[in-house]
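Subject: Structure handover

Hello,

Here is the structure you asked to take over.

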Amino acid sequence: MATALKNLSDYNSENLPDISGKRFGLVVAEWNKAITDTLCKGAYETLVKHGAKPENIHRNTVPGSFELTLGAQFLAQSADIDAVICLGVVIKGETKHDDYICHAVANGITNVALKYNKPVIFGLVTTNDEQQAWDRAGGKHGNKGVEAAAAAIQMLGFN
Ligand code: DLZ
């Protein structure tokens, strides 16, 4: 398994672009809120650590991960936002709801990124249980919010 070997918070911090003037939109799902808040904290701190101004980081919440796509679109369509980071936690249940949500979000935010030509980052933690989610939100596998913010920064430096 990939994450058994990888701390999600590890990223190459060399040659990152100057993001001091960039504006970020965080879209955070409220399902599993304690965990998504931790992802959001990781993303926020990573952006600030690399030079983003706190006043240029806008946090918006959506009810659940399924709504991340539309939340991302609302932000991406604004000329005031340079990159969008979607954060959610989908935990497997007795039914296939998790499959439907995860596929919809993956396809949805890909489409938003392509439509608006902006980084729209997939910061969705998809796990079998809550412990695995915590392991990826400040636990033994790092914090996927950090990884998502690093991906946004790297994409802003794409050339
Ligand atoms: C309905 C639902 C379920 C069962 N599980 C999750 C979950 O694990 N994580 C999550 O972010 N959202 C979940 N939701 C809510 C859906 O994402 C969505 O908000 C509702 O279906 C309303 O469209």
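Which polar backbone atom is 3.2 Å from an oxygen atom of the ligand? The backbone atom belongs to Ile-91. Please keep in mind that this is a predicted model, not an experimental one.

Glu-67 places a polar side-chain atom 2.5 Å from an oxygen atom of the ligand. His-97 has an N or O atom in its side chain that is 3.3 Å from a nitrogen atom of the ligand. Taken on its own, the ligand has 490 Å² of accessible area, and the protein covers 70% of that.

As for where the ligand sits, the space it takes is the second largest pocket. About 170 Å³ of space lies in this pocket.

The residues around the ligand are as follows:

- Trp-31 and Asn-32
- Gly-64, Ser-65, Phe-66 and Glu-67
- Val-89, Val-90 and Ile-91
- His-97 and Ile-101

The lining of the second largest pocket consists of Trp-31, Asn-32, Gly-64, Ser-65, Phe-66, Glu-67, Val-89, Val-90, Ile-91, His-97 and Ile-101.

Which elements give two or more residues to the lining of the second largest pocket? They are β3 and α4. The largest share of that lining, three residues, comes from β3. For the shell around the ligand, the elements that give two or more residues are β3, which spans 83-91, and α4, which spans 97-116. Here too β3 supplies the largest share, with three residues.

Sorted by class, the shell around the ligand has six nonpolar, four polar and one charged residues.

Regards

Terms used:
Residues are numbered from 1 along each chain as its sequence is written. This is a predicted model: local features need pLDDT of at least 70, side-chain atom pairs count only at pLDDT 80 or more; totals for chains, interfaces and linings use all residues. Side-chain values use heavy atoms; hydrogens and water are left out. A residue is near a molecule or strand if one of its heavy atoms lies within 4 Å of it. A polar contact is a pair of N or O atoms within 3.5 Å; within protein, one must be able to donate a hydrogen and the other to accept it, and residues adjacent in sequence count only if both atoms are side-chain atoms. Accessible areas come from the Shrake-Rupley method with a 1.4 Å probe; for residues, only the protein chains shown count as cover. On a 1 Å grid over the protein atoms alone, a cavity is a set of points where a 1.4 Å probe fits but cannot get out, and a pocket is an open set with protein on both sides within 12 Å along at least five of seven lines; lining residues have an atom within 4 Å of a point. A molecule sits in a cavity or pocket if more than half of its atoms lie within 2 Å of its grid points. Helices (H or I, at least four residues) and strands (E, at least two) are DSSP runs, numbered from the N terminus. Ala, Val, Leu, Ile, Met, Phe, Trp, Tyr, Cys and Pro count as nonpolar, Asp, Glu, Lys and Arg as charged, and the others, Gly among them, as polar. Grid points are joined across faces, edges and corners, and a volume is the space filled by probe spheres set on the points.
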